[in-house]
Amino acid sequence: MRSWIVTLIFTSAVYSVSNGWAEQYTFFRSDGGQSKSPDRLVVHFDRSDTTLWRQPLSAGHSTPCISGERIFLTTYDQERQELATVACDLASGRPLWKRKAPATRMEEVHRVGSPAAATIASDGDRVFVFFGSYGLLCYDHDGNRVWSRPLGPFQDEFGAASSPVLLGDTLYLNQDHDTNNFLLALNTQSGRTRWEVTRNEFTRSYATPVVFESGPEQQIVVAGALTLTGYAPKTGKRLWWMHGLARIVNTTPAIHDDVLYVATWSPGGDVGERITMDSWSDAIEQYDKNDDRKISRDELPLGPVLTRFFRIDLDQDQGIDQPEWEKQAQVFQRADNAIIAVRPRGHGELGENQILWRYAKGIPYVASPLYHNGHIYLVKDGGILTVLDAETGKVRKRGRLKGRGNYYASPIAAAGKIYFASEQGVVTVVSADSEWKILSSHDFGEPIYATPVARLNRIYIRTAEAMYCFAGSPN
């Protein structure tokens, strides 16, 4: 039910990555959640001498995007029905400009969702903003609109959340909903389409793509419903694909060298707890009371089909026919909840021999996995932290953080520490090692959906009410 958030898990990169991308390129998880912040980074958030500023903001779930000396984010004013892009001064948090999105109709979102969910991307000169209620907008750093590309809203009652990513002078956006799914590549200068590929074999998911290098070959990798897929950045050609993911994917894969760490989980996909549907012949015999060869809402009993009626009824004619029923039944049947370590080699459909290891416990629903110093960090709802050996998949330590409840924000590594933020607003800091221990925990008293961002000796935390900046000694 919280699947739309996926990008609430989104952090922005602030440094040059090993493959030579420009340092100014920032987008969700572009640094893999690993900051180059020095050792002098705050641990205790309840000390007044570490709080540099607090800037009240309208609501929104997008993670702050730091580019140059500015912070860019999106907001949603429910009373005014207004979506906006906001630029703030990095040093003071002072708002510099605000630009309203020209959306004429707000998309539907989940009850704890936001129409301002996707994280902004920047190439150092421009910022690229996506709203599911409108589409893409491009501004320069002073707030002048360069181009726009209407796209939404989409057929999805939980909204849109996948964020745009950058490679060279191309912007990539993936949107998987109930119908009309696509991966789109645009020229960053003009907004013109370079290519577009359809993804209608997929059902709704909300994961942000990653830029991945396999040997000399760069790829755009999308974790979608049931299937992981690699695309050629220049043409959109599907290079390879691999089955074995969850039926809804919210998390962004972690990357180290030529290995992808893909953690996907969705309710009803675990062994012994799998959601199933009757065969079509049995279903039509049980539920088709008016003999029209379709199954309507009022003909269904309480259960997994009724609660998912909107997404199964693809043509929205208020009746589920045989192809719609069987497509969803296949999704339930094929779903697989686990984290897998994958080293993709070759082209076409890849088999189990490409999977280095698999682990099926403590898998997060929304918070993306974090690779750091040979370990994989996973935070599952309830505050359960699992640390795995990245080479073997063996458990190093499992335990519970002080922040309970759900986790939408992804963990980040900075200055030898790992930072976690719960929906309830509890930020927990642990040591970055296999035998991790809790160093501090602080309750902000405000919900947190956006991923923390660390830069130099500062850490930025966006809550549902404000953005904070902390700095100072780690002691």
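Author: What follows is a short talk about a core, a strand and a threonine.

Reader: What should I know before we start?
Author: This is a predicted model, in which local features need pLDDT of at least 70 and side-chain atom pairs count only at pLDDT 80 or more, while totals for chains, interfaces and linings use all residues. Residues are numbered from 1 along each chain as its sequence is written, and side-chain values use heavy atoms, with hydrogens and water left out.

Reader: How many residues are in the largest nonpolar core?
Author: The largest nonpolar core has 28 residues, and among those with the most contacts inside it are Phe128, Trp147 and Tyr172. Such a core is a set of buried Ala, Val, Leu, Ile, Met, Phe, Trp, Tyr and Cys residues joined through side-chain atoms within 4.5 Å, where buried means under 20% relative accessible area, with a 1.4 Å probe and protein chains only.

Reader: Which strand gives the largest share of this core?
Author: The largest share, 5 residues, comes from E12; strands are DSSP runs of at least two residues, numbered from the N terminus.

Reader: And what does tryptophan 147 touch?
Author: Leaving out residues up to four places away in sequence, tryptophan 147 touches residues including Phe128, Leu136 and Leu186, a contact being heavy atoms within 4.5 Å.

Reader: Changing topic, why is strand E19 called largely enclosed?
Author: Strand E19 (residues 259-264) is largely enclosed by the rest of the structure because 6 of its 6 residues are buried. Val259, Tyr261 and Ala263 lie on one side, with Leu260, Val262 and Thr264 on the other. In a regular strand the side chains alternate between the two faces of the sheet.

Reader: Which strands does E19 pair with?
Author: E19 runs antiparallel to E18 (residues 254-256), joined by 3 bridges, and pairs with E20 (residues 338-342) in the antiparallel sense over 5 bridges; pairing requires that DSSP finds at least two bridges. Tyrosine 261 stands opposite alanine 254 and also opposite alanine 341 in E20.

Reader: Last one: is threonine 463 buried or exposed?
Author: Threonine 463 counts as buried, because its relative accessibility is 3%, and it lies in the loop between strand E32 (458-462) and strand E33 (466-471).

Reader: What does its side chain make a polar contact with?
Author: The side chain of threonine 463 makes a polar contact with the side chain of glutamate 446 (2.4 Å). The term means a pair of N or O atoms within 3.5 Å; within protein, one must be able to donate a hydrogen and the other to accept it, and residues adjacent in sequence count only if both atoms are side-chain atoms.

Technical notes:
Buried < 20%, exposed > 50% of the residue type's maximum accessible area, 1.4 Å probe, protein only. Helix = DSSP H or I, 4+ residues; strand = E, 2+ residues; numbered from the N terminus.
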